[in-house]
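Me: I would like to go through the strand pairing and helix packing of this model. Could we begin with the strands?

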Amino acid sequence: MLEFNLTRQAHHVPEPLVQGLPFAKGTLKDERTIRLELHGEELPFEAEVLSYWPDQSIRWLLVRCMLPAMAEPTAVVKVTLASGAKSYPASVSAHEDQAFIEIATGKLQHQICKATGQLRSTTEAEKTGWQSAFQLHNQHGQTLQPLVHSVQLQQSERSLFPKVRLSGTWPGYPKLQFEATLVFFADGLLQLEYSLHNAAKAKHPSGLWDLGDPGSCHFAGLAFCMQGAIDQGFIQPERSVAATSLADGSITLEQNSSGGKNWHSRNHVNADNKLVPRFQGYQLRSAEQQTKGLRAEPLLQASNGILVEAAVPHFWQKFPQQLALSKNQVLVEWFAHDQEQLHELQGGEKSTRQLWLTFAEEATADAPSAMKLGWVYQPARVVIPVDYLASCQIMPWLQPAKEDPLSACLFGPELFFEKREIIDEYGWRNFGDIFADHETLYQPEGEAPYISHYNNQYDAIYGFCRQYFFTGNTGWLELMDDLARHVTDIDIYHTDDDRDEYNHGLFWHTDHYLAAHTATHRTYSKQNLAEQLVNSHGGGPGPEHCYTTGLCYHFWLTGQTASKQAVLELAQWMIRYHEGGQSFLGQLWAIKSNELPRLIRLLKRQHVTAHRYAFTRGTGNYLTALLDAYELSGDCSYLAKSETVIQNTIHPKDNIEDRNLDDPEHTWSYLILLASISKYLKTKQSLEQLDDNYDYAAASFLHYARWIANNEQLFLSVPEKLEYPNDTWLAQDIRKAMLLFQASCISSNTEERAWFAEEANKWLHLVVQQLSKSETLEFARIQIILLQNHGPHLYKTLTETYTEHSIRQQNWKKQNVLFSKEFKSIFTKLSRATLKLNPKKEWQWLRNRLNL
């Protein structure tokens, strides 16, 4: 059925595997009928269905299991289909009452208090054990305990590894929320994920989004504290450095910067525009010695009758972090305690951290050599063969190919890892994002490169995923995972308290050809305005910068619910942006912005188009977000909305000359809109809904594809029409080739299919020929555009090839724009909004609009 390759660096000890597996339509009806086999032995696992095909067979299945120790670092895991269902006995049990949730794994007992969220870990022999809790240090030097609002046990009858979710706030910080998830694996292994969230809005005075905003939360530290009478302990900062023993007194390991050669980069300034890191790398301090190093990947071990080990993923990457060990506590500080330099969490911003712990009944004298969590820093990686992925048809235009003409212009994942070092794209706010090095193109020679962040433009997450599938190189998967986690924490504006068009939107990349300064990942900085480098400012999230498809695949591959929630969050934001909010005043504002100008133009007898949505990437991103939300939720209203948007944006009989597509600076992004319509057609094909809506969209798409084939030219052939005529425009030209390849698979006319393919190949070879010579080919934006659009040029080997459907040519008449119809539309909107009139909501909308 399926065999996937497994690579493990720390293969001599058990470790967990959490992996999404795809299946072709109709293959798997019941997740209990599959078996996992490693080295001839069956692996017990639990499964969670993430996505279904239209026939209700399983499309994506998330499996969780414990991998045993292996003699070799590589292996093949076989997935087979059995005749009957099977459930595995749980090695971890859980039950709850009104006061506590209790988890038992062997002789180890965990007890979580529902009132306080505190965790107590004991055994029958050792009743005192460990008492663990979260701590926040405020700006006044006080140590705070959380206000727990909810503690929930999550498990089903077939769960092997129970989950407990906690949520709450912090005293004195009414908008500072947290969510924590504890997953209890076998053999005393515990995974803890903690997300800190400032749900307040930023004030962004005058449209500027710098640090120091009144909506920010400031605190001195955040920690997970484990208390107990410790008789022995060790901290090993990295594999090549000997462990330091608690016998030398208390131990502190502080990672204050990335440790890279550019650790003192301007990427790490505070609200006062001053550098924050104090020293390069880490320091391990005890009463007897001090050890310095660059990049710590620490292992901690402590015993009080129960042996506990700890490892912190991305310890050096998400600095400043700290581990502290004394005779009475273990302290894991995700935000290292610092009363002089407070941490700032901006309005609508999150920070998510992880911690892995193991518990054992007895201590061992040779603790460092017995440490079991080294795999945390080099986790198991899975590669699923591309021919299997292609046969499942879980990603459009994915197929193995012996030759790829586009490969002449593509680099491997190492390029993006190297870019991180240039501006030191590390620290908890930066890690995972991409250095936008293309913004340095016009920078004076000799200057340090601008600090510029990419914020997932053109869906780098999706592009990385495509290359992971296509090449099997797990470096792409690592880049994808790091970026997805960054985007869901930092780049999305997680608040309900700002304007409808901002709340839960994706922030733009930082300023073009300028430094980000104190705006971090939020576009507009007062520094550039003060230095008169820009003449205008203002901003926040915008619909022309919204990318959701990569986050879908991240959820399907990893089961990270934050990615799924982000897609649904962004889809709702796009709906509010384009259709107006749910309040009466929100709808009134939408009418003022959209319908009223059309009405005024009609009264002045000016031309008014029947199309209600812009012919730009903003509408294309809207369509894509709707389609992705449909894929994740199964809510048909998203699909229906996408059809409404298409039919109010494009028409099979459009007079294309009216679109002014010969003005590329302002109209080039219609190519992204057409790509989203192609995505819609793929969705309808998978649903086997080749109906009138499909035909309308297909006919419209082909109408514009013919125009591209007959009329388009290289953007750089008209440099006088471009504000910045550089080779990014060559990369954008690849979209024309890929759209024509897609048109060749949509058209129902054999001769036209061949013509589209011929023209597509001309475009492909022209772009590759010129772009491969570019001195800026390595720039992030150029590479990511190519990665996003990779695939359709390999259509000749596709198993799906052409759509076996003859597009029905219907009498699609263009709608006349009449005053009466426009007035009726306004009246209908107002009537519906009036039914939802709520004084409290209207007052809140007004406060948000006026930024009160």
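Me: How many bridges join strand 14 to strand 15?
Reply: Strand 14 (residues 147-154) and strand 15 run antiparallel and are joined by seven bridges. Strands pair if DSSP finds at least two bridges between them. Strands (E, at least two residues) and helices (H or I, at least four) are DSSP runs, numbered from the N terminus.

Me: And what are the ground rules for the numbers?
Reply: This is a predicted model, in which local features need pLDDT of at least 70 and side-chain atom pairs count only at pLDDT 80 or more, while totals for chains, interfaces and linings use all residues. Residues are numbered from 1 along each chain as its sequence is written, and side-chain values use heavy atoms, with hydrogens and water left out.

Me: Which residue of strand 15 stands opposite Leu147?
Reply: That residue is Thr169. Thr169 also has a bridge partner in strand 16, namely Gln177.

Me: How do strand 15 and strand 16 pair, parallel or antiparallel?
Reply: Strand 15 pairs with strand 16 (residues 173-184) in the antiparallel sense, over eight bridges. Their hairpin has two residues between the strands, and Gly172 there takes a positive phi near 85 degrees.

Me: Why is strand 15 largely enclosed?
Reply: Six of the eight residues of strand 15 (residues 163-170) are buried, so the rest of the structure largely encloses it. Buried means under 20% relative accessible area, with over 50% exposed and partly exposed in between (1.4 Å probe, protein chains only).

Me: On to helices. At what angle do helix 3 and helix 4 pack?
Reply: Helix 3 (residues 460-471) packs against helix 4 (residues 474-491) at about 160 degrees, with the axes 8 Å apart. Axes are lines fitted to C-alpha atoms, for helices over the stretch in contact, and angles run from 0 to 180 degrees between N-to-C directions. The two helices are therefore roughly antiparallel; angles over 145 degrees count as such, under 35 as roughly parallel, 65 to 115 as roughly perpendicular and the rest as oblique.

Me: Which residues make that contact?
Reply: Among them are Phe464 and Tyr468 of helix 3 and Trp476 and Leu483 of helix 4, where contact means heavy atoms within 4.5 Å. The residues of this contact divide into 12 nonpolar, three polar and no charged.

Me: And what is the angle between helix 10 and helix 13?
Reply: Helix 10 (residues 636-647) and helix 13 (residues 692-711) pack at about 40 degrees, their axes 10 Å apart. Helix 10 is therefore oblique to helix 13. Glu643, Ile646 and Gln647 of helix 10 make the contact with Asn693, Tyr696 and Ala697 of helix 13.

How values were computed: Nonpolar A, V, L, I, M, F, W, Y, C, P; charged D, E, K, R; others polar.
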